[in-house]
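Welcome! Take a moment to turn the model around on your screen, and then we will walk through it together.

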Amino acid sequence: MAYLTTNPADKARFICVYPVYLNSKKTLAEGRRIAAEKAVENPSCSEIKDVLSAAGLNVHVENHMHPREWNRDVQFRGRVRVQLKQEDGSLCQDKFTSRKDVMFYVAEMIPKLKTRTQKSGGGDSNSQQADGGKKNKKKKK
């Protein structure tokens with residue numbers, strides 16, 4: 001009863017992309033599906049959705065967890081369903097012929113997102129300032 005339809009345009013027939021598939025922090029046994037060098041550090045569902053919707057694909061986010069994901073945090077929850085084929089069986093976009101193509105594209109584009117570039121630049125200086133402030137408080141006590 002998993003697939004009641006063979007229509008590729010039905011949401012149940014979209015491919016699933018879990019963030020763990022692209023996570024460079026995970027091993028193959030923990031669910032990573034692409035090479036660690038090409039993978040991204042802790043991708044989120046929203047980042048995957050942003051990249052794929054910007055590429056023009058039909059994307060749908062679901063609140064499901066990967067079976068091998070032991071961490072129940074909201075950050076690691078969710079999966080993204082992506083439509084690869086249209087109702088007549090033809091590809092939605094020629095550059096995405098398989099689920100691997102989608103995963104490699106997402107892993108390549110996530111580091112280029114504005115949220116990622118801002119976090120890496122501004123996050124480091126903010127954390128250093130916060131650490132400095134904490135150290136000063138400890139000295140005053």
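Let us begin with R33, which sits in the loop between β1 (15-17) and α1 (45-54). Helices (H or I, at least four residues) and strands (E, at least two) are DSSP runs, numbered from the N terminus. R33 counts as partly exposed because its relative accessibility is 38%; buried means under 20% relative accessible area, exposed over 50%, and partly exposed in between (1.4 Å probe, protein chains only).

Before going on, a word on the source: this is a predicted model, where local features need pLDDT of at least 70, side-chain atom pairs count only at pLDDT 80 or more, and totals for chains, interfaces and linings use all residues. Residues are numbered from 1 along each chain as its sequence is written, and side-chain values use heavy atoms, with hydrogens and water left out.

**The overall layout**

How many helices and strands does the chain have? There are three helices and three strands, and along the sequence they follow the pattern β-α-β-β-α-α. The chain has 141 residues, and 35% of them are buried.

**The inside**

Which residues have the most contacts inside the largest nonpolar core? They are L22, I48, L52, V102 and V106, in a core of 28 residues. A nonpolar core is a set of buried Ala, Val, Leu, Ile, Met, Phe, Trp, Tyr and Cys residues joined through side-chain atoms within 4.5 Å. At least two residues of this core come from each of β1, α1, β3 (79-82) and α2 (99-109). The biggest giver is α2, with five residues.

**Charges that pair up**

A salt bridge is a side-chain nitrogen of Lys or Arg within 4 Å of a carboxyl oxygen of Asp or Glu.

| Salt bridge | N to O distance |
|---|---|
| K25 and E41 | 3.9 Å |
| D50 and K49 | 3.8 Å |
| E108 and K112 | 3.9 Å |

Salt bridges that share partners also join E62, R79 and R81 into one network.

In the next pair, D50 is partly exposed at 37% relative accessibility, and K49 is partly exposed at 33%. As for the last pair, E108 is partly exposed at 48%, whereas K112 counts as exposed at 54%.

**Charges on the surface**

Now back to R33, which forms a positive surface patch together with R68, R99 and K100. Patches are made of residues with over 30% relative accessible area and no salt bridge, with like charges joined within 9 Å and nonpolar side chains (Val, Leu, Ile, Met, Phe, Trp, Tyr) within 5 Å. Lys and Arg count as positive here.

Finally, look for H60, which lies in strand β2 (residues 59-62). Is H60 buried or partly exposed? With a relative accessible area of 27%, H60 is partly exposed. Its C-alpha atom is separated by 8.1 Å from that of K11, although H60 and K11 are 49 residues apart along the chain.

Notes. Areas by Shrake-Rupley, 256 points an atom, 1.4 Å probe, with all protein chains shown as cover. Charge placed at Lys NZ, Arg CZ, Asp CG, Glu CD.
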